[in-house]
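Here is a short briefing on one protein model. The points below are grouped by topic, for reading alongside the coordinates.

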Amino acid sequence: MVFIITGTTESDRNTVARLLADDLGWELADGENFHPSDLDARNRNASLANADPSLRIEILSAAISYWIYKWQDVVVSCPMLTETDRRQLSEISSLVKIVCLEASQATGGSALLARNRLIHVAGSE
C-alpha cells in the first residue's frame, strides 16, 4: 500500500508522514526528490521548484507502480498536488491512498492527531 501525504509545509506533512511510517514500520519517501536527474535546473543551481512538475508526477507514478508491484508499503510526503495529479496517482491502483493535509491555526499536536487518524485507516484496510 502507498499513502501519499500531501499539503503545504505549514500542514506538518513531513512530520505526519515520518510519524506514520515509523509507527507502521513502512518505508518513507520524500516526494520532492522525484525529479529527472538530468534537469537543466540542477546544472544551473536553479530551484527545482521551477522545473516542469509533470516530470515529477511521471517519475512518482513510476515509483508507486514499482512499489505496488513489489508489494512494498510506503508513505510518501509530497508537496501540494493539483486535482489532476491526485487523480492520476490514485488511478494507479486501489492500494494508493492520498491524504491532503491543511494548515491550521492550532499547531501543537496536529501532527500527532493526523498520524493517529491515519494509523486507524491503515489498520482497517
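I4 has its bridge partner, I98, in strand 4. That link belongs to the parallel pairing of strand 1 (residues 2-6) with strand 4, which runs over five bridges. The model is predicted.

- Four strands form an open sheet in the order 2-3-1-4, and their pairing is parallel.
- Strand 2 and strand 4 (96-100) are the edge strands, and each of them pairs on one side only.
- From one strand to the next, the twist averages 20°.

- Helix 1 lies across strand 1, strand 2 and strand 3 (74-78).
- The direction of helix 1 is at about 175° to strand 3.
- Helix 4 also packs on the sheet, where it touches strand 1 and strand 4.
- The angle between the directions of helix 4 and strand 4 is about 155°.

**Nonpolar cores**

- The largest nonpolar core has 16 residues.
- Those with the most contacts inside this core are V2, I4, L60, I64, W67, V76 and L89.
- Strand 1, helix 3 (53-69) and strand 3 are the elements that give two or more residues to this core.
- Helix 3 gives the most, with six residues.
- A second, separate core has eleven residues, including F3, V16, L20 and L101.
- In general, nonpolar side chains tend to be buried together in soluble globular proteins.

**Contacts of V76**

- Which residues does V76 contact, leaving aside its neighbours within four places in sequence?
- V76 is in contact with V2, F3, I4, I5, A29, G31, L60 and W67.
- Of these partners, V2, I4, L60 and W67 are also listed with V76 among the residues with the most contacts inside the largest core.
- F3, another contact of V76, is a member of the second core.

**Strand 2 at L28**

- L28 lies in strand 2.
- Is L28 buried, partly exposed or exposed? Its relative accessible area is 41%, so L28 counts as partly exposed.
- Residues up to four places away in sequence aside, L28 touches A17, R18, A21 and V75.
- L28 and D73 are 45 residues apart in sequence, and their C-alpha atoms are 9.0 Å apart in space.

**Salt bridges**

- How many salt bridges does a search of the whole structure find? The search finds two.
- One joins the side chains of E32 and R13, at 3.0 Å from N to O.
- E32 lies in the loop between strand 2 (27-30) and helix 2 (40-43), and R13 lies in helix 1 (residues 13-24), so this pair ties together parts that are 19 residues apart in sequence.
- R13 counts as buried because its relative accessibility is 5%, under the 20% cut-off.
- E32 has 37% relative accessibility and so counts as partly exposed.
- The other salt bridge joins the side chains of R86 and E83, at 2.6 Å from N to O.
- Both R86 and E83 lie in helix 4 (residues 83-90), three residues apart, which is about one turn of the helix.
- E83 is partly exposed, at 44% relative accessibility.
- In general, side chains of opposite charge can pair when their charged atoms come close.

Note on methods. Residues are numbered from 1 along each chain as its sequence is written. This is a predicted model: local features need pLDDT of at least 70, side-chain atom pairs count only at pLDDT 80 or more; totals for chains, interfaces and linings use all residues. Side-chain values use heavy atoms; hydrogens and water are left out. A salt bridge is a side-chain nitrogen of Lys or Arg within 4 Å of a carboxyl oxygen of Asp or Glu. Buried means under 20% relative accessible area, exposed over 50%, partly exposed in between (1.4 Å probe, protein chains only). Two strands pair if DSSP finds at least two bridges between them. Axes are lines fitted to C-alpha atoms, for helices over the stretch in contact, and angles run from 0 to 180 degrees between N-to-C directions. Contact means heavy atoms within 4.5 Å. A nonpolar core is a set of buried Ala, Val, Leu, Ile, Met, Phe, Trp, Tyr and Cys residues joined through side-chain atoms within 4.5 Å.
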